[in-house]
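Me: I have a sequence and a model open on my screen. Can you take me through it, element by element?

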Amino acid sequence: MTRPVVLIAEELSPATVEVLGPDVEVRSVDGTDRPALLAAVAEADALLVRSATLVDAEVYAAAPKLRVVARAGVGLDNVDVPAATAAGVMVINAPTSNIVSAAELAVTLILASLRNLGRADASMKQGKWERKALTGTELLGKTVGVVGFGRIGQLVAERLAPFGVQLLAYDPYVNHTRAAELGARVVELDELMRESDVVTVHMPKTAETTGLIGAEQLAMAKPTLHVVNAARGGLIDEHALVEALTSGRIAGAALDVYSSEPPSASPSAAKLLELDNVTLTPHLGASTAEAQEKAGIAVAQSVRLALAGELVPDAVNVAGGAIDDLVRPGVALADRLGQLFTVMAGEAPELLDIVIRGEIASRDVTALKLSVLRGVFRSVVTEQVSYVNAPVLAEERGITVNLETHEGTERFRNVIQVRGTLRDGEVVSVSGTLSGVDQIHKLIEVAGHPLDVTLSDHLMMIRYEDRPGQIGQYGALLGEAGVNIAGMQVSRAGGGPGAEALVILNLDQSAPRELAERIGEAIGARAIHTVDIAY
């Protein structure tokens, strides 16, 4: 029997190769040598890479046998996931391999900034002895604000607690009980910025979080504040940060990530290189021997599962393995409904009900539950969300997750509903179905409003008091901004004019947040959301 070929395109540890086992044939190639890669991948069943090998549509086209691409790390910038999905290739990564390394680096940067370690090292190597000029600050008794209290933020909090600090946490999706267990008090971002001596950022980078800490937030800060970012470049407005540092508005900063990397490639980021009160590292968050080893072993285990046809929890584009053929088409829809729910809710629910109705309810629908959770957390955490860590993320946030199945359904053959109860008792729900031979994703209910509208990549959802002229106003504002409406549906709650209306707009492109806010103000919207669906 011919053994599957596993092609390793970059250096991996001996332990990684050992985990692959004797049932596969391991071959090697230099992934940066494009012709060699394209030739070698023609016979590969699996391809293992790190960050240097570009895996794109050309690679998939050259690899007719390829079943799985595994990235031994967290990011997937060098792997074209949509192209892999189109080619039927599973993509795997190691979503939790670097979380300890990232947390430890954040703590290191906090201490380095407070004690001027970067300046001290440079000074000593220049033959100077500047003890007085490099006097630092103790961490004991200080208030540390953790912006983003997911897995890495919580690990940072755990490691800072023994230093005798007061912990504040800002995260719309954090469970207050879990934060309290770690000694952190949950506050709004403005309060955190006003009270903190140190702010460390651990958010994912999304349209909402880009520039989260800007001039307005830095203006609230104590002049003794130190800001640390070891999460994602762009969460802190670098231009505003440079202004705050040069004017003495804040005391210092320590950064491992930048809006453009290396920072010398961006005018705003490059100015950071000139400042003495900034400690800089070259994106070292995952650069430890342990993190690299964990990543390699994790993806090797997943590759073995994939080649054996078993469920692969760390697959990022498909829930690989034995999923019922009737259930499989709903996996992507479940993910998208989870993403939509998160946008609508704006915070973590106390209770999340995943309700499956119709003929698929008689089958094993666990994959749909996992896919909903993956969608819910996509824009909430910094790490890559997979089918294996999504339930853990829910548990860490104290979210009770229920899966309900009902074989009966009224209007549609099959229905997936995501329904969450928030802290104040509000219930947020969204339902979808697959329509027609092409299995088109449809929204059939949002916030109790019945619908039948395509779930497109770009949406705007507006809830407002129904009265004449509203559609004309937001249509005109979108038109002025060059955003085209591809389709729309209006659903009005019981009653005549004056009742609540919900409109779903299918857009041809993403609508800027500022435009949505302008529309909301113009028509007096009760709520307005823009949604950009990820794959």
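Me: How many of the residues of helix α7 are buried?

Reply: This is a predicted model. Helix α7 spans residues 151-160 and is mostly covered. Its buried residues include R151, I152 and G153. The count for α7 is 8 of 10.

Me: Which elements do the buried residues of α7 pack against?

Reply: Start with who is buried: Q154, L155, V156, A157 and L160 are among them. The buried residues of α7 pack against helices and strands. The list is α5 (99-114), β6 (143-147), β7 (166-170), α8 (176-181), β9 (198-201) and α16 (390-396).

Me: In the open sheet of 7 strands, which strands stand at the edges?

Reply: The pairing in this sheet is parallel, and the order is β8-β7-β6-β9-β10-β11-β12. An edge strand here has a single partner, so one side of it is left without a neighbour in the sheet. From one strand to the next, the twist averages 20°. The edge strands are β8 (184-186) and β12 (278-280).

Me: Which residue in β7 is the bridge partner of T143?

Reply: Strands β6 and β7 pair in the parallel sense. For T143, the partner in β7 is Q166.

Me: Are the residues A46, L47, L48 and V49 of strand β3 buried or exposed?

Reply: Take the strand, residues 46-49, one face at a time. A46 and L48 lie on one side, L47 and V49 on the other. Both faces are covered, and these four residues are all buried.

Me: Which residue in β4 is the bridge partner of V49?

Reply: β3 runs parallel to strand β1 (residues 5-8), joined by 3 bridges. There, L7 has L47 as its bridge partner. β3 also runs parallel to β4 (residues 68-71), with 4 bridges. In β4, V49 is partnered by R71.

Me: How do the directions of α17 and α18 relate, roughly parallel or roughly antiparallel?

Reply: The axes of α17 (residues 470-480) and α18 (residues 513-523) come within 10 Å. They cross at roughly 155°. Angles over 145 degrees count as roughly antiparallel. That makes the pair roughly antiparallel.

Me: How many residues of the contact of α17 with α18 are nonpolar?

Reply: The crossing of these two helices is right-handed. From α17 come Q470, Q473, Y474, L477 and L478; they meet L515, R518, I519, A522 and I523 of α18. In this contact 2 residues are polar and 1 is charged, and the nonpolar count is 7.

Definitions and conventions
Residues numbered from 1 in each chain as written. Predicted model: local features only at pLDDT ≥ 70, side-chain atom pairs only at ≥ 80, totals over all residues. Heavy atoms only, no water. Buried < 20%, exposed > 50% of the residue type's maximum accessible area, 1.4 Å probe, protein only. Pairing = 2+ DSSP bridges. Axes fitted to C-alpha atoms, helices over the stretch in contact; angles between N-to-C directions. Parallel < 35°, antiparallel > 145°, perpendicular 65-115°, else oblique. Left-handed = near helix turned anticlockwise from the far one by under 90°. Contact = heavy atoms within 4.5 Å. Nonpolar A, V, L, I, M, F, W, Y, C, P; charged D, E, K, R; others polar.
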